[in-house]
Amino acid sequence: MRKSLFLFYFLIFYAITQLLWWGYILIKFEPDRKGMIIGEGLIFMLIFTWGALRLKKQVKREHEINLQQQNFLLAVTHELKSPLASVKLYIQTILKRELDHEQQKVFLSNSLKDIERLDDLVENVLLSTKLENRAYQLPKESFDMTELVEQIIDRLQKNACKTQVIKAELDEHITLMADKFAITNVITNLIENAVKYSPACGMISVKLKKDQDNLLFSVADHGIGIPDDEKKLIFNKFYRVGSEATRKTKGTGLGLYIVRTVLQKHNASIRVKDNSPSGSIFEVTFENYAK
């Protein structure tokens with residue numbers, strides 16, 4: 001990147017120097033046209049400067065995208081390697097040692113949790129690829145969203161902590177007309193993020209309720225929170241704060257991008273605000289979807 005910027009600035013300097021030199025030569029040999037030469041030169045300089053700044057911005061943007069993609073590959077590699085190594089260790093232990101039924105059950109249960117992590121990662125990548133196609137239409141069906149949220153909470157609760165940390169306040173038998181697979185991904189990503197960025201066994205609140213013709217879904221945590229200047233950036237593809245080599249929290253930077261894109265395709269909206277005394281609240285509104 002530094003070499004590219006050096007070359008860029010060198011070419012800009014060379015072009016401006018040549019422009020000034022040729023302007024000087026023209027004025028020297030045609031002094032009667034001095035005003036016109038200076039005027040046209042200034043206009044050219046303005047256009048040239050504008051184009052150079054736009055080019056620099058584009059080059060910088062491409063560099064940021066490449067860096068985000070590299071971080072994504074590092075994150076995916078880590079996300080794949082960790083559960084695979086864990087599952088391998090559990091299975092090897094079961095095969096090499098004579099464990100009682102309860103120990104085997106615990107090891108198999110932990111292996112299943114790691115496999116579910118892999119499944120969630122693959123689903124995120126596949127759904128992200130589909131959403132890249134603007135012509136792709138999400139297949140919609142009618143399903144019980146209350147039941148779906150309960151199932152996701154139950155699965156994530158077991159993975160999060162032995163104590164009850166996910167508190168659910170759900171209206172009964174809420175029916176939603178949407179893509180069940182995509183909405184499952186949205187709910188999973190929001191609750192997983194709350195678990196991921198909360199202190200150990202911290203309280204997480206999940207709400208689902210009807211508000212006239214709208215359906216409201218929210219996830220609140222008491223974690224580290226999100227700075228105001230990053231609240232809009234977190235929904236960008238691959239966006240994650242810091243470096244993959246030093247970041248403690250797991251993830252690929254696809255989750256919230258998928259959440260926002262899926263909701264947009266359902267004519268729904270999401271907003272994030274600060275929780276009290278700390279943490280964040282993600283609020284999703286499905287307009288004219290509640291039944």
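**A lysine and a helix**

Lys231 counts as buried, because its relative accessibility is 13% and buried means under 20% relative accessible area with a 1.4 Å probe and protein chains only. This is a predicted model, in which local features need pLDDT of at least 70, side-chain atom pairs count only at pLDDT 80 or more, and totals for chains, interfaces and linings use all residues. Residues are numbered from 1 along each chain as its sequence is written, and side-chain values use heavy atoms, with hydrogens and water left out.

Q: With the side chain of which residue does the side chain of Lys231 make a polar contact?
A: A polar contact is a pair of N or O atoms within 3.5 Å; within protein, one must be able to donate a hydrogen and the other to accept it, and residues adjacent in sequence count only if both atoms are side-chain atoms. The Lys231 side chain reaches the backbone oxygen of Ile226 at 2.8 Å. Its side-chain partner, at 2.9 Å, is Asp274.

Q: How many of the eleven residues of helix H6 are buried?
A: Helix H6 covers residues 255-265, where helices are DSSP runs of H or I with at least four residues, numbered from the N terminus. Among its buried residues are Leu256, Ile258 and Val262. H6 is mostly covered, and the number of buried residues is eight.

Q: What is the handedness of the crossing of H3 and H6?
A: A crossing is left-handed if the near helix is turned anticlockwise from the far one by less than a right angle, and right-handed if clockwise. The crossing of H3 and H6 is left-handed.

Methods. Buried means under 20% relative accessible area, exposed over 50%, partly exposed in between (1.4 Å probe, protein chains only). Helices (H or I, at least four residues) and strands (E, at least two) are DSSP runs, numbered from the N terminus.
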